[in-house]
Amino acid sequence: MDCCLSFLWYFIPLVLLIHFVCFIVADADFTLLRASLIGHKPEAKLKGLVVWITGASSGIGEELAYQLAKCGSRLILSARREEELNRVKCHCLENSSLKDEDILVLPLDLLETTSHEHKTKTVIQHFGHIDVLINNGGRSQRSLFLETSVEVYRALMELNFLGTVSITKQVLPHMTQRGRGSVVTVSSIVGLAGAPLSTGYSASKHALQGFFNSLRTELTDFPKILISTVCPGPVQSQIVSNAFTEELSKPVALAGSQEHKMPTSRCVHLMLVGIANGVKEMWIAQQPFLSMYYAWQYAPTFAWAITNMMGRKRVQNFKAGLDADSAYFTKPKTS
């Protein structure tokens, strides 16, 4: 008995130490990291599946297309810019075994909800069914609430939330009819917590979180339908360059450096691991951002204190003309 107690005395602290060290270097939640180590491989689970990607012309959507093509998935690439979609398709064909008929370029505007039924029928006619819908389309925001037009908030909700709901509304009945499928929606760290300069964007992502969490509970009679949300932290992409500002027509003045953000390829690889293993919610971020997910989940009072401190610095740097994201890693300008 004493031998067992001595073993546990040393073993338990060792296990805790290992978990702590792993957490320090982690870039995703433990469920997702475990799946990446011992779960199904995307190359095996996603091969041959029909995957519809919105927002496929750049950033995370573009990288999704490239990695899914290498997995052997058949693709529908959607965004507003058809020429960019054709560029992505050519790259997919050059770097995979897919044929021309395996990739459908389908221009799509999430704001034109009346076209979504026809677009979905086009996909069904081409491939016969849809296995995975990845809701990746949308825009971010870089502006202070007191300086921002209400029209910007309306546009963010219509695009990020209602546009996503609309396309899901058209695709999901085909999945329930077949009894299987996956709806994967790219949310954000600000879909779980708030962040300054992103009040409207955060609101639209919180709306998505609430909607898909509720939808998941409505589909308990369809255990083979996955409803998954992805919550990335800062990722290298063009999302800041395309963000809304104080007015609808005003562009972002400074997109800022991307070097401190997670590589897009790593984020997308973890997403595909999550899809292949049926992970319902994915937290993907480098430290210190990953720690904030856990803080908001388990220690919200502490999280508020840290968020207020970081948020104050973010606003100060934004007003000083620095990039909002890299502001966490730079000193404010002084006069």
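S140 is placed in the loop that runs between β4 (132-135) and α7 (150-178); helices (H or I, at least four residues) and strands (E, at least two) are DSSP runs numbered from the N terminus. The model is predicted, so that local features need pLDDT of at least 70 and side-chain atom pairs count only at pLDDT 80 or more, while totals for chains, interfaces and linings use all residues. Residues are numbered from 1 along each chain as its sequence is written, and side-chain values use heavy atoms, with hydrogens and water left out.

With a relative accessibility of 2%, S140 counts as buried (under 20% relative accessible area; exposed is over 50% and partly exposed in between, with a 1.4 Å probe and protein chains only). Not counting residues up to four places away in sequence, S140 touches L156, Y201, I239, A243 and F244, where contact means heavy atoms within 4.5 Å. S140 and F244 are separated by 104 residues in sequence, yet their C-alpha atoms are 6.2 Å apart. F244 also has R139 over its ring face, at 3.7 Å from the ring centre; the criterion is NZ of Lys or CZ of Arg within 6 Å of the centre and within 35 degrees of the ring normal.

The structure holds eight aromatic pairs. Rings of Phe, Tyr and Trp (its six-membered ring) pair if their centres lie within 6.5 Å; planes under 30 degrees apart are stacked, over 60 edge-to-face and the rest tilted. Two of the pairs are set out below.

| Pair | Centre to centre | Angle between planes | Class |
|---|---|---|---|
| F211 and F212 | 4.9 Å | 90 degrees | edge-to-face |
| W283 and Y294 | 5.0 Å | 80 degrees | edge-to-face |

W283 in strand β7 (residues 281-284) and Y294 in helix α10 (residues 289-298) are 11 residues apart, and their pair links distant parts of the chain. W283 is buried at 9% relative accessibility, and Y294 is buried at 18%.

For the protein chain as a whole, the secondary structure comprises 11 helices and seven strands. Buried residues account for 50% of its 335 residues. Of the contacts between residues at least 6 apart in sequence, 71% join residues at least 24 apart.
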